[in-house]
Amino acid sequence: MNTGPRPNILVIMTDQQSSHMLGCAGTPHVRTPHLDALAEEGTRFERAYVTFPLCVPSRSSMMTGMTPHELGVLSNAPAREPDEIQAPESLAHLMRDAGYRCGHAGKWHATRASAETADGFEWLRDFGDAPLVSGITDFLGDQAHDDRPFFLVASFDDPHTICEVARNQPSFYGELPTPDLASAPNLPPNFGSQPFEPEALRVEQAAGAAMYGTAAYTPEDWRLYRQAYAHLVERADARVGEVLATLQRTGFAADTLVIFTSDHGDGDAAHAWNQKTALFEETIRVPLIMRWPGTVAQGVTQPQLVSVGLDLLPTICEAAGIEVPHHISGRSLLSFDESDSARDHVVVETGFGPGARPTTSGRAVVGERYKYVVYSWGRHREQLFDLLKDPGEIVNLAVEARHHDLLEQNRRTLLRWCRETDDQMMLKRLVLPADTTDAVRGDIYAVPY
C-alpha cells in the first residue's frame with residue numbers, strides 16, 4: 001500500500017476502443033500520438049480484458065471492482081435500479097471518504113448516462129464530448145484553491161460513435177472526413193465467418209440487424225467502416241491530448257497518476273463483426289496505460305493478464321493509501337511483478353440484450369496461451385484457441401479430439417469460477433467436464449431453470 005504523499009488520480013476513458021487501435025500497438029492505419037506519448041512515459045498493459053464487452057456492465061465493474069453478474073448488471077438496460085447497483089463502497093465513495101475531491105465529466109453509463117451526486121462525484125459536464133475538455137479545465141483551475149488531492153474522471157464517447165456511422169445516422173461531435181476507399185485500410189486477416197464458429201453469434205447478429213447496420217456490407221463497405229473507426233479513435237486521441245496538456249499547464253502532471261483505458265472494443269471487421277458483445281479478442285481486449293512519474297516504469301509493455309473491471313479499483317486504492325474492501329477479488333497493478341504468477345487466467349462474461357425472444361449468454365476463459373469460449377446454446381458453442389499461434393481466432397481447436405484434455409481443463413476452470421462467484425445464469429448452461437460428480441450436478445440442477 002502507498003504510504004507516501006497521496007497523488008492526484010486522473011482516469012481517462014474512451015468508449016469502444018480496441019486494444020489494437022493505438023499507433024504504439026503496431027496498427028499502421030491509426031495515428032494516436034498523444035496516447036503513444038503517454039505509453040512511452042509509462043507502462044502499457046497489452047493484455048487488458050474487460051469483464052463484459054458492453055458499456056453499462058463493464059463500467060459498473062470498473063466503479064465497484066465486482067463482476068457484472070454479482071452486480072446484476074448484464075445488459076445496457078439492467079434489471080435493477082441505479083441506486084440498487086451502486087455498492088456502498090464504490091470507487092468514488094471510497095475516494096471521497098478518504099478526503100479526495102472527486103469530479104466526473106462526460107459519459108458515466110454505470111448506469112445513468114451522466115454521473116450524479118449520488119454516485120460520489122462532483123458533476124462537471126454531462127454525457128457528450130464537445131464540452132468535456134472545458135469541464136476538466138475548469139475543475140483543474142479550481143483545484144489550485146483546494147488542499148485536497150483530486151480523483152478526476154474524463155470519459156469520452158468517441159469512438160463509440162462508429163455505431164451511428166454503421167447505421168448511416170448523424171455523426172456526433174462533428175463530421176468525419178469524406179470516405180476514400182483508395183486510402184482505407186485493407187480487411188483484417190481474420191475477416192469473414194470462420195469454420196466451426198458458434199451458431200448463436202450469427203443468429204444474434206441477424207436478429208439485431210438494425211442495431212449493427214452491417215447486414216448488407218460488401219468488403220468495400222467494411223474497409224470504409226475501418227477507416228471511419230480509425231478517424232474516430234484519432235479524434236478521441238486529440239481530445240485526450242487536450243486533457244493531458246491542461247494537466248501539464250496547470251502544474252499537476254508530476255504529482256498525478258494517469259490511467260487510460262476503454263470499456264470494451266469493437267469488432268473492426270474481424271470475423272465480419274462490428275460493435276461489441278461477442279467474445280472476440282477485438283471486443284474484449286482494451287488499451288490500458290498508466291503513467292505516474294517516479295513510480296510507474298517508463299516505456300514498458302507489460303504482457304501479463306489484467307482484468308480492467310476488477311483491477312482498476314484496487315490499483316487506485318493502493319495509490320491513494322486506501323484499504324481495499326475485503327470482497328474485492330482484483331489486484332493492484334502498482335504491485336504488479338513480471339514474476340507474479342498468481343493470475344493465470346481472466347474470465348469475461350457476455351449476454352445479448354433482453355427482449356421478447358430467448359437470448360444468448362457466454363463466458364470466456366483467457367489464459368496465458370489458450371482461450372476457451374462457451375455460449376449458452378447452438379452448434380459449435382464451444383471454442384478453443386491457441387492465441388500464440390492463432391491470435392486472430394481462426395482455428396477452433398475444440399472440434400479436434402487431440403485437444404480434449406485441454407478442453408476439459410478449461411471446462412473445469414470455468415465451472416469452478418461460476419461456482420465460486422455464484423454465476424447462476426451461466427452455471428446451468430456450461431458444458432460440464434466429464435469428471436463432474438453427481439453431487440455437483442445435483443447442486444447445479446436442483447432448480448433446473
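Which residues does Ile9 touch, not counting residues up to four places away in sequence? In this predicted model, Ile9 touches Met95, Tyr100, Phe150, Phe151, Leu152, Thr256, Leu257, Ile316, Ala319 and Ala320.

The overall form provides the setting. The secondary structure of the protein amounts to 15 helices and 15 strands. Its radius of gyration is 21 Å, close to the 22 Å that the globule rule gives for 449 residues, so the protein is as compact as a globular protein of that length. The C-alpha trace spans about 65 × 55 × 45 Å along its principal axes. Of the 449 residues, 59% are buried. Among contacts between residues at least 6 apart in sequence, 68% join residues at least 24 apart. The accessible surface comes to about 17800 Å², and carbon and sulfur atoms account for 52% of that area.

The interior may now be considered. In soluble globular proteins, nonpolar side chains tend to be buried together. Here, the largest nonpolar core contains 58 residues, of which Ile9, Met95, Phe151 and Ile316 touch the most other members. Helix α12, spanning residues 308-320, supplies the largest share of this core, with seven residues. Apart from this core lies another, of 26 residues, which includes Leu132, Val133, Leu244 and Phe260.

Asp237 lies in helix α10, which covers residues 219-249. With a relative accessibility of 2%, Asp237 counts as buried, because the cut-off for that class is under 20%. Leaving aside neighbours within four places in sequence, Asp237 is in contact with Arg31, Thr32, Pro33, His34 and Leu35. Two backbone nitrogens in that segment are reached by its side chain: that of His34 at 3.3 Å, and that of Leu35, which lies 2.9 Å from a polar atom of the Asp237 side chain. By contrast, Pro179 is 58 residues from Asp237 along the chain, and the C-alpha atoms of the two are separated by 20 Å.

Finally, attention may turn to a sheet. Three strands form an open sheet in the order β8-β3-β11, with mixed pairing. Its edge strands are β8 (285-286) and β11 (306-307), each of which pairs on one side only. Strand β3, residues 48-49, is joined to β8 by two bridges, and these two strands run antiparallel. Within this sheet, Ala48 stands opposite Val286 in β8.

Definitions and conventions
Residues are numbered from 1 along each chain as its sequence is written. This is a predicted model: local features need pLDDT of at least 70, side-chain atom pairs count only at pLDDT 80 or more; totals for chains, interfaces and linings use all residues. Side-chain values use heavy atoms; hydrogens and water are left out. Two strands pair if DSSP finds at least two bridges between them. Helices (H or I, at least four residues) and strands (E, at least two) are DSSP runs, numbered from the N terminus. Buried means under 20% relative accessible area, exposed over 50%, partly exposed in between (1.4 Å probe, protein chains only). Contact means heavy atoms within 4.5 Å. A polar contact is a pair of N or O atoms within 3.5 Å; within protein, one must be able to donate a hydrogen and the other to accept it, and residues adjacent in sequence count only if both atoms are side-chain atoms. A nonpolar core is a set of buried Ala, Val, Leu, Ile, Met, Phe, Trp, Tyr and Cys residues joined through side-chain atoms within 4.5 Å. The radius of gyration is taken over C-alpha atoms; the globule rule is 2.2 Å times the number of residues to the power 0.38. Accessible areas come from the Shrake-Rupley method with a 1.4 Å probe; for residues, only the protein chains shown count as cover.
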